[in-house]
Amino acid sequence: MDLVANVLLAAGASPAMIHSIEEIPDFTPKAHALYINVGTLTPDWLPAMKLAVQVANENKKPWVLDPVAAGASGFRLKACLELLRTNPTVVRGNASEIMALFKGSEDSNSKGVDSIHESTDAVEAAKSLAQISGSIVAVSGAVDIVTDGQRVVGAKNGVSMLQKITATGCSVTALIAAFVAIDPSRAFEATVSALSMFGVASEIGMDMAKGPASLRMHLIDSLYGLDQATVLHRVNISVI
Ligand SMILES: Nc1ncnc2c1ncn2[C@@H]1O[C@H](COP(=O)(O)OP(=O)(O)OP(=O)(O)O)[C@@H](O)[C@H]1O
Ligand SMILES: Cc1ncsc1CCO
Ligand SMILES: [Mg+2]
């Protein structure tokens, strides 16, 4: 939650981390986008997540799902599949998470929140999932993949050291929510842009970093300082 909120602030968004079901009816209509992350899921939190989604949908607010460790337990998988049926604008996971959602079954080899697959292994699963759910599906990895079920785009910015900082995936999903909030009618473009800019910020941050802890700091600083010329010079997006 720390990294997620700080990444959002650095990007110019205004995060609020809300869990209590009592606050959802007041909070959710005020937000420009809702972000549901099941990272630290408990049975107590799930009803609040579902109510937040319901309120967001009723208020025509975009919402984004991060299905953290979807294949690691039956409880998580069921929760993620139920959330997936309630029309997320975007779903972003690592390859193992997206493949578990597509298969609809637990992965006995699951490494928990970390992926054991490459994003490129999950292209067909992502496409099918997008077609079934009507959501934009993004798979993070060395190449970030984004699909609406027809188009497939790859975004290649980023550094592998991001995998050594917890919640960089959670944070890039939050950034997607912030970008989608700007123009929900162009959620596909927003998703690709958020993944690219997070990757560009990590590349610039890596030039100053000595390891994961200092990359975490420089990533936030680089995102905060990112300008249009740098982005346009460095982005690497291609149709797959
Ligand atoms: N091999 C890699 N090379 C470059 N960038 C990478 C690589 N693997 C992941 N990334 C980037 O790291 C960020 C996090 O993606 P990752 O796939 O690790 O998410 P995740 O597994 O959900 O992470 P977490 O659960 O820790 O939040 C993304 O911006 C992604 O583009
Ligand atoms: C380590 C961890 N455990 C639950 S969520 C999370 C952050 C990475 O997904
Ligand atoms: Mg994750």
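Let me start with one pair. Glu203 and Arg234 form a salt bridge, their closest N and O atoms 3.4 Å apart. Glu203 sits in helix H8 and Arg234 in helix H10 (residues 228-234), so this pair ties together parts that are 31 residues apart in sequence. By salt bridge I mean a side-chain nitrogen of Lys or Arg within 4 Å of a carboxyl oxygen of Asp or Glu. Helices (H or I, at least four residues) and strands (E, at least two) are DSSP runs, numbered from the N terminus.

Some ground rules. This is a predicted model: local features need pLDDT of at least 70, side-chain atom pairs count only at pLDDT 80 or more, and totals for chains, interfaces and linings use all residues. Residues are numbered from 1 along each chain as its sequence is written, chains are lettered from A and ligands numbered from 1 in the order in which they are written, and side-chain values use heavy atoms, with hydrogens and water left out.

Back to the pair. Is Glu203 buried or exposed? Buried, at 16% relative accessibility. Arg234 is partly exposed, at 30%. The cut-offs: buried is under 20% relative accessible area, exposed is over 50%, partly exposed is in between, with a 1.4 Å probe and protein chains only.

Next, Glu189. Glu189 forms a salt bridge with Arg151, with 3.9 Å between the closest N and O atoms. Glu189 is in helix H8 (residues 187-206), while Arg151 is in the loop between strand S5 (144-147) and strand S6 (152-155), so parts 38 residues apart in sequence are tied together. Both ends are partly exposed: Glu189 at 37%, Arg151 at 42%.

Third pair. Lys50 forms a salt bridge with Glu82, and here the closest N and O atoms are 2.5 Å apart. Lys50 belongs to helix H3 (residues 46-58) and Glu82 to helix H4 (residues 74-84), so the pair ties together parts 32 residues apart in sequence. Lys50 is partly exposed, at 35% relative accessibility.

How many salt bridges are there? The count comes to 8.

Now ligand 2. Around ligand 2 are Gly39, Val68, Val113, Thr166, Ala167 and Cys170; each has a heavy atom within 4 Å of the ligand. Alone, ligand 2 exposes 280 Å², and the protein buries 63% of that. Those areas come from the Shrake-Rupley method with a 1.4 Å probe. The shell divides into 4 nonpolar, 2 polar and no charged residues. For the classes, Ala, Val, Leu, Ile, Met, Phe, Trp, Tyr, Cys and Pro count as nonpolar, Asp, Glu, Lys and Arg as charged, and the others, Gly among them, as polar.
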